[in-house]
Amino acid sequence: MSDALQKAFTLLLLIVLGLVLRSKFKNKQQTDGIKEMVLSVALPSTIFIALMKVTVDSKLIIVPALTLVFNFFMYFITPLALSFFGVEKDSPTGRTLVMLLPSLAPGLSCFPFIAEFLGQESVAMAAMGDVGNKFFVLIFLYVVALNMFLKNAKSEEANLSTKIKSLLLNLVKEPINIIIASALILLSLGVSFKSLPAIIADMFDKTSAMMTPLVLIFIGLAVQLKQRKKRLISSLLIFRAGVTMLFSAAVISVLGINDPTMVLLAVAIPLSSASFWPFAHISAFNLREENSGLPKERRTFDAELAVLVLAFSLPFSTLLILGILSAGTFFAHLPTLIITGLIFIGIGIVPNLIGKASVKFSKA
């Protein structure tokens with residue numbers, strides 16, 4: 001078994017482990033404890049390391065720029081797609097999907113296979129691309145989540161000013177925000193991760209290493225497989241993959257990329273699974289509303305749906321990227337990409353069309 005395939009199965013088995021352990025975590029406070037470990041320890045450490053290790057090569061600035069263009073492209077078309085799928089963009093479901101679908105997690109679902117099939121040089125290029133994605137998921141989507149939260153809070157007439165003051169105070173105390181501010185200050189002073197004292201760097205490395213297993217186990221523990229929105233999520237992820245392939249084809253055509261390795265790299269990175277970081281933003285704001293006693297149906301985001309998206313997106317993207325890269329140069333041709341993208345879009349929208357048709361037929 002190849003290293004990439006082995007890593008893929010390891011990630012999926014961690015989700016399965018979470019499913020197996022569900023009977024041991026019957027108390028919601030126990031699963032919340034794992035989530036708190038992720039949000040307060042593992043994720044801040046991961047973000048700190050990622051920011052402190054960012055080095056932008058001026059010659060390769062186009063790579064993160066293109067990734068960022070993809071992020072914003074998906075961010076702006078997602079509300080249009082949601083309306084087609086019958087999802088109100090200003091609902092908890094719509095806001096959650098707008099946060100998650102444009103995000104990427106190449107480290108979990110893409111980098112191992114790029115290293116296996118395309119080589120270490122391609123991994124370096126992919127890492128450069130992730131710089132743009134990090135800006136999008138860490139900063140832009142956090143601002144978006146805050147804006148959505150404040151807009152939703154305006155619908156609550158009582159104690160609005162108190163809620164906003166409490167939110168701002170909590171934002172200052174949030175471990176993720178503290179660690180981002182600390183990293184930016186250190187970078188502005190010319191301090192990199194390598195220049196940190198060994199004991200500090202080792203502490204961040206050790207705590208960051210917990211993130212992937214804890215996140216995947218938490219997904220297995222928290223995901224509600226009986227939730228009625230499984231078909232919606234599956235259709236949206238397939239539709240997202242189709243649109244992504246057409247976007248990659250357009251970029252390859254406009255830039256005149258001919259090298260098969262670069263073509264496959266341009267295809268694989270945007271197909272990465274949805275990122276955990278938007279879920280971290282969602283969880284932070286959801287916790288504020290939960291502590292204030294706000295009912296689930298009136299909250300800004302649907303945290304359970306976010307977990308379901310992550311649970312479906314990771315194996316879907318992993319298998320899709322693995323299939324494309326293991327097919328050699330088959331997907332390194334524009335006609336193949338365009339046709340495949342259109343097929344995926346069709347597969348994504350057909351169940352929705354059938355559902356609408358069946359409803360009209362039953363009313364007739």
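Two aromatic rings of Phe, Tyr or Trp count as a pair if their centres lie within 6.5 Å. Keep that in mind as you work through this predicted model.

**Exercise 1.** Classify the pair Tyr75 and Phe140, and work out what it ties together.

*Solution.* Step one: the ring centres are 5.2 Å apart, and the cut-off for a pair is 6.5 Å. Step two: the planes stand at 85°; angles over 60 degrees count as edge-to-face, so this pair is edge-to-face. Step three: Tyr75 belongs to helix α3 and Phe140 to helix α7 (residues 120-154), so the pair ties together parts that are 65 residues apart in sequence. Step four: Tyr75 is buried at 15% relative accessibility, whereas Phe140, at 21%, is partly exposed.

**Exercise 2.** Classify the pair Phe276 and Phe279.

*Solution.* Here the centres are 5.3 Å apart and the planes meet at 55°, so the pair is tilted. Both residues sit in helix α14 (residues 276-291), three residues apart, or about one turn of the helix.

**Exercise 3.** Decide whether Ser91 is buried or exposed, and find what its side chain reaches.

*Solution.* First locate Ser91 in the loop between α3 (62-84) and α4 (92-100). Its relative accessible area is 18%; buried means under 20%, so Ser91 is buried. Finally, follow the Ser91 side chain to the backbone nitrogen of Gly94, at 3.1 Å.

Definitions and conventions
Residues numbered from 1 in each chain as written. Predicted model: local features only at pLDDT ≥ 70, side-chain atom pairs only at ≥ 80, totals over all residues. Heavy atoms only, no water. Helix = DSSP H or I, 4+ residues; strand = E, 2+ residues; numbered from the N terminus. Buried < 20%, exposed > 50% of the residue type's maximum accessible area, 1.4 Å probe, protein only. Polar contact = N/O pair within 3.5 Å; in protein donor to acceptor, adjacent residues only side chain to side chain. Phe/Tyr/Trp six-rings, centres within 6.5 Å; stacked < 30°, edge-to-face > 60°.
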